Amino acid sequence: MRILFTSLAFPLPPNKGHRVRNSSLLLALAREGHRVTLVSFAGPEDGPHLPLAEHCCERVITVPEPRPQMPGDLLSRLGAAATATPFGVKRFSQPQ
């Protein structure tokens, strides 16, 4: 089966909860013989881990992270509470 796997954070290395879950899912799908395409946000620090993802995925597509999380995100989160647009939508929206 061909599977499109999307992730907000690059799944490798498995050093945080969501990365542990996503990398485990990717490896299990690959072991079962599925053809997985991974599409994920990734930052410069994720580059060295790209070969690991390419080992278990048929194709890996990375998208530059929109912006790093900063302390100002708290104000953005509070501001989003007063609008109809959720903070996650605003954070990951890009003009292009």
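Two strands count as paired when DSSP finds at least two bridges between them, and strands themselves are DSSP runs of E with at least two residues, while helices are runs of H or I with at least four residues, both numbered from the N terminus. Helix 1 packs on the sheet and touches strand 1 and strand 2, where touching, or contact, means heavy atoms within 4.5 Å. The direction of helix 1 makes about 170° with that of strand 1; such angles run from 0 to 180 degrees between N-to-C directions, with axes fitted as lines to C-alpha atoms, for helices over the stretch in contact.

Before going on, a word about the model. It is a predicted one, in which local features need pLDDT of at least 70 and side-chain atom pairs count only at pLDDT 80 or more, whereas totals for chains, interfaces and linings use all residues. Residues are numbered from 1 along each chain as its sequence is written, and side-chain values use heavy atoms, leaving out hydrogens and water.

Now step back to see the whole chain. It contains four helices and three strands, and from the N terminus on these elements follow the pattern β-α-β-α-β-α-α. The C-alpha trace spans about 45 × 25 × 25 Å along its principal axes. Of the 96 residues, 28% are buried, meaning under 20% relative accessible area, with exposed being over 50% and partly exposed in between (1.4 Å probe, protein chains only). The chain exposes about 6500 Å², and carbon and sulfur atoms supply 62% of that area; the areas come from the Shrake-Rupley method with a 1.4 Å probe. If you look at contacts between residues at least 6 apart in sequence, 51% of them join residues at least 24 apart.

How are the three strands arranged? They form an open sheet in the order 1-2-3, with parallel pairing. Strand 1 and strand 3 are the edge strands, each pairing on one side only. From one strand to the next, the twist averages 15°.

Let's follow the pairings in turn. Strand 1 and strand 2 run parallel and are joined by six bridges; here Thr6 stands opposite Val39. On the way between these strands comes helix 1 (residues 17–31), and strand 1, helix 1 and strand 2 together make a right-handed β-α-β unit. Right-handed means that, with the strands pointing away from the viewer, the path from the first strand over the helix to the second runs clockwise.

Strand 2 (residues 35–42) also pairs with strand 3 (residues 59–64), again in the parallel sense, over six bridges. The chain gets from strand 2 to strand 3 through helix 2 (residues 50–56), and this β-α-β crossover is right-handed. Leu38 stands opposite Val60 in strand 3, and Val39 has Ile61 as its bridge partner there. Strand 2 is mostly covered, with six of its eight residues buried.

Let's return to Ser7, which lies in strand 1 (residues 2–7). Is Ser7 buried or exposed? Ser7 counts as buried because its relative accessibility is 9%. Beyond its neighbours within four places in sequence, Ser7 is in contact with Asn22, Leu38, Val39, Ser40 and Phe41. Its side chain also reaches the backbone oxygen of Ala9 at 2.5 Å.

Finally, visit the loop between strand 1 and helix 1, where you will find Pro13 and Pro14. The peptide bond from Leu12 to Pro13 is cis, with omega near 0°. Pro14 has a relative accessible area of 46%, so it is partly exposed. Not counting residues up to four places away in sequence, Pro14 touches Arg19, Val20 and Ser23. Pro14 and Ser24 are ten residues apart in sequence, and their C-alpha atoms are 8.4 Å apart in space.

Key
A polar contact is a pair of N or O atoms within 3.5 Å; within protein, one must be able to donate a hydrogen and the other to accept it, and residues adjacent in sequence count only if both atoms are side-chain atoms.
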